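Look at the sequence and the structure first, then read on.

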There are 4 protein chains.
Amino acid sequence: MASESRLLIIMTGGTICMKPSEGGLIPAKGFLEAGMAPRPSFNDGAAPETLGAYTEIGASISLPSLRTPISRYGRHIRYAVLEFEQLLDSSSIDAHGWSQIARAIENNYPAFDGFVVLHGTDSLAYTASALSFMLGNLTKPVVFTGSQAPIFELQTDATDNLLDALILAGSFCIPEVCICFQHKLFRGNRCTKVSSNQFDAFASPNLVPLATVTSSHIQVNWDMIRRNATQDLLNAKIPDVQMDLDTTHVACLRVFPGIKPEMIDAVLRVAGLRGLVLETFGAGNAPGGPDNALINIFTAAVQRGILIVNVTQCLTGSVSPLYAPAMVLGRAGIVPGHDLTTEAALTKLSYLLALPNLTAEEVTRRMAVDLRGELTQTGDVSFAGPG
Amino acid sequence: MASESRLLIIMTGGTICMKPSEGGLIPAKGFLEAGMAPRPSFNDGAAPETLGAYTEIGASISLPSLRTPISRYGRHIRYAVLEFEQLLDSSSIDAHGWSQIARAIENNYPAFDGFVVLHGTDSLAYTASALSFMLGNLTKPVVFTGSQAPIFELQTDATDNLLDALILAGSFCIPEVCICFQHKLFRGNRCTKVSSNQFDAFASPNLVPLATVTSSHIQVNWDMIRRNATQDLLNAKIPDVQMDLDTTHVACLRVFPGIKPEMIDAVLRVAGLRGLVLETFGAGNAPGGPDNALINIFTAAVQRGILIVNVTQCLTGSVSPLYAPAMVLGRAGIVPGHDLTTEAALTKLSYLLALPNLTAEEVTRRMAVDLRGELTQTGDVSFAGPG
Amino acid sequence: MASESRLLIIMTGGTICMKPSEGGLIPAKGFLEAGMAPRPSFNDGAAPETLGAYTEIGASISLPSLRTPISRYGRHIRYAVLEFEQLLDSSSIDAHGWSQIARAIENNYPAFDGFVVLHGTDSLAYTASALSFMLGNLTKPVVFTGSQAPIFELQTDATDNLLDALILAGSFCIPEVCICFQHKLFRGNRCTKVSSNQFDAFASPNLVPLATVTSSHIQVNWDMIRRNATQDLLNAKIPDVQMDLDTTHVACLRVFPGIKPEMIDAVLRVAGLRGLVLETFGAGNAPGGPDNALINIFTAAVQRGILIVNVTQCLTGSVSPLYAPAMVLGRAGIVPGHDLTTEAALTKLSYLLALPNLTAEEVTRRMAVDLRGELTQTGDVSFAGPG
Amino acid sequence: MASESRLLIIMTGGTICMKPSEGGLIPAKGFLEAGMAPRPSFNDGAAPETLGAYTEIGASISLPSLRTPISRYGRHIRYAVLEFEQLLDSSSIDAHGWSQIARAIENNYPAFDGFVVLHGTDSLAYTASALSFMLGNLTKPVVFTGSQAPIFELQTDATDNLLDALILAGSFCIPEVCICFQHKLFRGNRCTKVSSNQFDAFASPNLVPLATVTSSHIQVNWDMIRRNATQDLLNAKIPDVQMDLDTTHVACLRVFPGIKPEMIDAVLRVAGLRGLVLETFGAGNAPGGPDNALINIFTAAVQRGILIVNVTQCLTGSVSPLYAPAMVLGRAGIVPGHDLTTEAALTKLSYLLALPNLTAEEVTRRMAVDLRGELTQTGDVSFAGPG
């Protein structure tokens, strides 16, 4: 008899579960029954089974489960859907929602082989990045997905994305927080949403995909998969979860030509701000402003204890202290963010600021170091010429 | 004897003319002599010739000129280089620099067949967008280019980009403000810089290129080239130039998860602000904030007379009022920016606010209308089913 | 009440309907019942309805039909499936199969709004090319599709491809033979299969897609859609069908380094051969062979009345008489095929040779002329320099 | 003082050195003087120096050398150009030319740090594949390049390609036969020419590039570079060279719909044929033909001792025995070629047939095994599900 993997689908909301309303599309409950049960790809008709689980606030709950037909990897994927009490439009998610997701995973960690998180695409890259930092020592797959069109629409990417996510999380030992979209599996903290309406909406501009689904098989780039020290203790250990990121302490600001020093100063003086992701031009350049007004404002903010991280506005590439303006930023105490996406930089900053007992120096140091595969550290390049 | 096209190269600064200094790379003068004269692609060795021109501040000047070998289009390109008195790092350009470029083109319009503007890549898409609005009734090509590596470096994209720009501006009647990069010619107000270090640094995500340089010929998409009413008056009319855009009246703000209402309010209350480009998630969604605080702030700003334009953070696609959050923004009086890039939205807003005697309603109306090919107006889709 | 489009799905075989057997995957009958009826995207549960149709050999038949839910274009797509008596693996299709498809379309032309042809991917580009020539004066869509994985497999592209094809053929007046694959609609005679296992298996290397399916709408490039003179007579006229292409008269041969003159001669002397598609290097070059042996063989064949067409082996681009070897081929009487794909060249040649009463000169002339949008005629390039 | 790398450029002919003639473009001698010396990227003006070398037929020769300016990798590249006595149009190259190249490298191996081979693009992928097999135990870079436009044309890719090739071969220890084109370095036996006229003409469809040139540095995928056992003996050992491939023993044949059994039989009976590369549809399928005529012909040929290798016509992907027709080919004794390009399959077959004292079984076995990184052996996939 074919074995079963057991997955928990955590439904946070998003386009994938939306239905029309007078005020536009809004998230709707009952995803398993209305969205999945009628489709043969998600329901092989096996006798129903109830799974015990815990809600995002820790309450014990019994969930109906379904299972897929047997996959080419020789097993059924049995899954239950845990719907958030309050379904979210992803444009409104923040650290509170991230904690709910982390808690749902933590509470159900021992009882499931992996997790598929359904989420709106708008902030999906932010949430996946946040969770990649919040969930330490992960030994099971956490695969985020969503869709550009609701599962209830006729022409939808929801079924492809969801099925790929289930098969990947249920068949392969990839203990990372990932995003699965349009037949590709990306590292979650490397992604960005690149299209508002194409089905092929996500890219991982500075890292090739972790896996690709083809018609004949799933090709996993095993060399790239991160392995945790505790991996041999599979299923044994609850991951090391850091809750309570506080996005109210951090902000992003993208420079543009003619940006006024007053605007930057106003942002840097928002009450409670402890960190800023500065999205600069090209390889890390920002305007100096008249009489270096901008630089002076940055310098003053750094001296007030605000951590400023420099990332590029460009889709691909990295900041580098090659040009005079970038060097000036570096001398002002702004930390180079290498090839971090804005999404990863913002959530990493929130995460580091939430860690207890960390000195400012240590936060600064870790910002520039690879913690979860989120950045490429370019050390001394290892080339060798002849002779 | 082969004929000559006569072009003015306007050197504003940027990586293309940079040399190393103790403080990083900085722009250097003497581009024609040091960068172009020694290279056979830019100098066929013909007897030197002096061309009369006017500087960006209107002073008469005599410039040495060189010419390329004969191209496959049967002519030499003769060019002079007008270097800005103060060369710029493009991360610091603003409306003042845009006016200098516009004035340099206006002053020299009758005497040259076209213009190639050399500019840093960091803000190139902003400047090309600005000039596309500032220069009305254009009848000659204005081709911007630059490079990711200085022309003085061994491995550089400068010579390809510059030569393509010269040949395109000197051989084809494309009366638009364009960006030429890596063998492609893009409409200037459709571009964005997508890589901080790849040579292939620019993309025009929502519009195919106007032309492509191949090894056998230059393929121009003639159907897409804009034609001005006065085009039959080639060389006869100085373009209709709008100077004095004021970027201090406008700003960009990119939303992110957890963005604080206070931050948005602070930006919208920066002294003198008249317009804001709001970079939203996906198809135009923004967080509502606790108790709709963000929406209330936007509504209040619109009521104070600030024009807010909604564009997508995504590389491709368009805003559309499909989702509840986007509809809410629309009801708050925020203008949908269709598929405008941020670069085009910001400069278009500056341009419209600089036009004399325009009512707020008229500015709002024009923002959503195609003026220079900068956006795709999706009217009623013209399909027809059978029967 | 929403209106219905009525489509005939012509099932010829191919991976899309395959099931495992001891000898590998083989085509299986009962596609509507087993593959489509259980899926809510293809079956809205409306009361069954029987449609009258004709088989590929002209026999009258009653077919059960289903219909899709209502699409965003405001209509249901009602469809019946006409299965070929003998389902084909597409690697074995030839002119006989093409005639069966043409006849099935011709026989059912008045009664349906459009046609979706299901076909294996291996020879899909050949068959779609052939049909584009065989069906003249088309006024209704003929959309080919298939899949890289069977519809009966868990992870399959079959449902996406088939649903897109139904919506496109049932909602838009695109009177061309097309291929629909992975959310793109290509002109059929411009396609080639580019991947043996990726879902994204087809490309149209020298022509942008006719339409693209996004999450918000279907974007049709209306400027590119071919319009037939009789289009105003929608539904009124049976297309002008040319049957009986004879592939036994034509062959393809791809040159390679070291190819022996004896091999080329052997191919050119196969009994009955009237035309050859010669796949050359780059822009149309072929080896000359020792003492020009190859050229002599080609010249002799042309003099024997064999029509030889020169197409490039490269995925993109065109043949052009730029290089000495290509000029030599031209002088030998070999016809340049512009940017024809091999698939289009072979089927066009078969088609022209099957037309009655055509002189050799006329066949040669039409080979190099655009008949169905299959090639790009590069006339005198319309550029204009200044002055 | 900056150190120098010393490279030998072997000029075999091709577009890169072509000049116009009455009969079209033809290769011209004097490349160093006319093409390289006048360009500052290739000539820093240092005092001339003469280098001793050997011609492709072993004659001792003194060659003038030039050197590049110092690169970012801290060294000059000094180079001499060895021009073949008879420059070739690459469409006419065959095993004789491959031996000349191999001999030129072997003869000059001890005296140079690496080799850049200039070659026409038409058959470049064939030649690079052939040399990858012919040169065993390579310890120095052999980088092939060429161009789509002659170096003597105004708009040319020749200077970029040639400079990148020199810097790569002179700065990095990549002991492989590579192709350098448009800022990418590919493994030679993985390439194919994909465009007849775009500058971006080469692709390595089933393998990512070995290195990429960006504006800030050259990024080498060191994990992918092959290392030979003798690598610690750098400069010490002449590579193990296998000459005398015989392309007259091998052929390629691409199947198409309607292909006649007589044609295949004619090709398989060409005098002297010992091996055939059969380019099949998709994942390895071929028509069976009426009454399995084709299969019978293949079976008979295999029984006569002809080795037939099955590769896919598709740009990407691999043959696999999934479908009935592919299984039938396998049972007929046809060897599956995995993801070999046609170029690699043909030259590997020539190479194996040229090795002395190899049994037919051994040739067959090696055909399906990775010898020089030319194919991806998909062993048992190493995945692990939970539980």
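## Symmetry of chains A and B

The same surface serves both copies, as 100% of the contact residues of chain B recur in chain A. Copies are superposed by least squares on the C-alpha atoms of residues with pLDDT of at least 70 in both.

The model is a predicted one: local features need pLDDT of at least 70, side-chain atom pairs count only at pLDDT 80 or more, and totals for chains, interfaces and linings use all residues. Residues are numbered from 1 along each chain as its sequence is written, chains are lettered from A and ligands numbered from 1 in the order in which they are written, and side-chain values use heavy atoms, leaving out hydrogens and water.

## The interface of chains B and A

Chain B gives 61 residues to the contact, and chain A gives 61 residues (contact means heavy atoms within 4.5 Å). The two chains bury about 4,400 Å² between them, with 60% of it on carbon and sulfur atoms. Buried area is the accessible area (1.4 Å probe) that two parts lose on being put together, summed over both. Within chain B, Ser196(B), Pro257(B) and Tyr323(B) lose the most area to chain A. Together they make up 13% of what that side buries.

How many salt bridges cross the interface of chain B and chain A? The rule finds zero. A salt bridge here is a side-chain nitrogen of Lys or Arg within 4 Å of a carboxyl oxygen of Asp or Glu.

## The interface of chains D and B

Chain D can also be laid on chain B, by a turn of 180° and a shift of 0.0 Å along the axis, with an RMSD of 0.0 Å. Of the residues of chain D, Arg39(D) comes closest to this axis, at 3.0 Å (C-alpha). The copies meet through the same surface, because 100% of the interface residues of chain D are also interface residues in chain B.

This contact takes 32 residues from chain D and 32 residues from chain B. About 2,400 Å² is buried between chain D and chain B, 52% of it on carbon and sulfur atoms. Leu154(D), Gln155(D) and Ser215(D) supply 32% of the area that chain D buries against chain B, more than any other three residues. Two salt bridges are found across the interface of chain D and chain B. Arg72(B) and Glu153(D) meet in a salt bridge, 3.1 Å from N to O.

## Salt bridges over all chains

Over all chains, the structure holds 58 salt bridges. Arg254(A) pairs with Glu279(A), their closest N and O atoms being 2.9 Å apart. Arg254(A) lies in strand β17 (residues 250-254) of chain A and Glu279(A) in strand β18 (residues 275-280) of chain A, so the pair ties together parts 25 residues apart in sequence. Helices (H or I, at least four residues) and strands (E, at least two) are DSSP runs, numbered from the N terminus.

## A helix pair in chain A

Helix α5 (residues 261-268) and helix α6 (residues 293-303) of chain A pack at an angle of about 10°, with their axes 9 Å apart. Axes are lines fitted to C-alpha atoms, for helices over the stretch in contact, and angles run from 0 to 180 degrees between N-to-C directions. That makes α5(A) roughly parallel to α6(A) (an angle under 35 degrees).

From α5(A), the contact uses Pro261(A), Ile264(A), Asp265(A) and Leu268(A). From α6(A) come Ala293(A), Leu294(A), Ile297(A), Phe298(A) and Ala301(A).

Note on methods:
Angles under 35 degrees count as roughly parallel, over 145 as roughly antiparallel, 65 to 115 as roughly perpendicular and the rest as oblique.
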